[in-house]
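Please look over the sequence and the structure shown below. The paragraphs that follow lead through them one part at a time.

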Amino acid sequence: MKINFNEKKGFISDMDGVIYHGNQILPGVKKFIQWLNEEDKKYLFLTNNSGMTPKELQNKLARMGLDVPADHFYTSALATAQFLKEQAPGCSVYVLGEAGLVNALYEVGCTMDEVEPDYVVIGESKSYSLDTLTKATNLVLNGAKLIGANSDASGPIENGIAPACGALISPIEIATGKKAYFCGKPNPLMMRTGLRMLDCHSADAVMIGDRMDTDMISGLESGMSTVLVLSGVTTKEEAAKYAYQPSMILNGVGDIVKEAKKYK
């Protein structure tokens, strides 16, 4: 199925594997962002990586030569914080995560508690160890509810992949017999928030990503057109095995600009 990108008003794009690998910008990204700005398109970078704040993501892209304001980013950390704010205002949490997740939780009024928290919240974490894992496991066994920032098992880095939140939380689920609730993609709550931030109806929006199990299914179930890019973790052969398919498969986001020009 072809998409006339000129007719679309809003673009929601994943970041890891779509905009960059690690600290390496991917081909065609500068042209894509330039096209979004020139065509006055609404756009949002939606990432399941919970480690960085919007300001840190802005600075990361700036180092790669891309000027994107901080309000163009929405992360699974922000989605997790928003979920807890609505579910249990002022709740206490034990967190395994980086600044992006910790800051987001602080900003919605959560308090940190290592003794008797209401929730154990897991994101990507450099401080992940057998000790912190054991602590989290026992807090869940003692009644804390288990929350994951996202369900991704891995994420692309410059020289391969790194375990992501879904893989890090799995030992806690196995040890406790408790299933985590994940707030990031493909949770429709995150997608609805993204569309609201763009002030855009799903029929007028496009979801761009490199994963079938999070990006494509979240776009599809939200009623958006979907573009799978092959610059990340999914190959065309792997994508063909799924019961659902993206609207289009492209090599990278630069191809969106080429496709748009075909309709001019």
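**A walk through the model**

Ala70 is found in the loop between helix H2 and strand S5 (73-75). Helices (H or I, at least four residues) and strands (E, at least two) are DSSP runs, numbered from the N terminus. The structure is a predicted model, in which local features need pLDDT of at least 70 and side-chain atom pairs count only at pLDDT 80 or more, while totals for chains, interfaces and linings use all residues. Residues are numbered from 1 along each chain as its sequence is written, and side-chain values use heavy atoms, with hydrogens and water left out.

Ala70 has a relative accessible area of 26% and is therefore partly exposed. The classes are buried for under 20% relative accessible area, exposed for over 50%, and partly exposed in between, with a 1.4 Å probe and protein chains only. Leaving aside neighbours within four places in sequence, Ala70 is in contact with Pro54, Lys55 and Gln58; contact means heavy atoms within 4.5 Å. Ile161 is 91 residues from Ala70 in sequence, and the two C-alpha atoms are 26 Å apart in space.

The next topic is the sheet. Five strands form an open sheet with parallel pairing, in the order S7-S6-S8-S9-S12. Its edge strands, S7 (111-112) and S12 (181-182), each pair on one side only. Two strands count as paired if DSSP finds at least two bridges between them. In general, strands of a sheet pair through backbone hydrogen bonds, either parallel or antiparallel. Strand S6 (residues 92-96) and strand S8 (residues 119-122) run parallel and are joined by four bridges. Helix H6 (residues 165-176) lies across S8, strand S9 (145-148) and S12, and runs at about 165° to S9. For such angles, axes are lines fitted to C-alpha atoms, for helices over the stretch in contact, and the values run from 0 to 180 degrees between N-to-C directions.

Leu96 belongs to strand S6, and its bridge partner in S8 is Ile122. Is Leu96 buried or exposed? Leu96 is buried, because its relative accessible area is 2%. Not counting residues up to four places away in sequence, Leu96 touches Leu101, Val121, Ile122, Gly123, Ser125, Ser127, Tyr128 and Thr132. Gly160 is 64 residues from Leu96 along the chain, and their C-alpha atoms are separated by 23 Å.

Now consider the nonpolar residues. A nonpolar core is a set of buried Ala, Val, Leu, Ile, Met, Phe, Trp, Tyr and Cys residues joined through side-chain atoms within 4.5 Å. The largest such core has 31 residues, and those with the most contacts inside it are Phe5, Phe32, Trp35, Phe45, Leu61, Ile208 and Val227. Several elements supply at least two residues each, among them helix H1 (29-38), strand S4 (42-47) and helix H2 (54-63). H1 gives the most, with five residues. A second, separate core of 16 residues includes Ala77, Phe83, Leu105 and Cys110.

Aromatic rings come next. Rings of Phe, Tyr and Trp (its six-membered ring) pair if their centres lie within 6.5 Å; planes under 30 degrees apart count as stacked, over 60 as edge-to-face and the rest as tilted. The whole structure holds six aromatic pairs. One of them is the tilted pair of Phe5 and Phe11, at 6.3 Å centre to centre and 35° between the planes.

A charge sits over a ring if NZ of Lys or CZ of Arg is within 6 Å of the ring centre and within 35 degrees of the ring normal. The charged end of Lys60 sits over the ring of Tyr20, 4.0 Å from its centre. Lys145 lies over the face of Tyr119, at 5.6 Å from the ring centre.

Some loop residues complete the tour. Asp40, in the loop between H1 and S4, has a positive phi near 55° in a residue other than glycine. Asp40 counts as exposed because its relative accessibility is 69%. Pro186 lies in the loop between S12 and helix H7 (188-198), and the peptide bond from Lys185 to Pro186 is cis, with omega near 10°.
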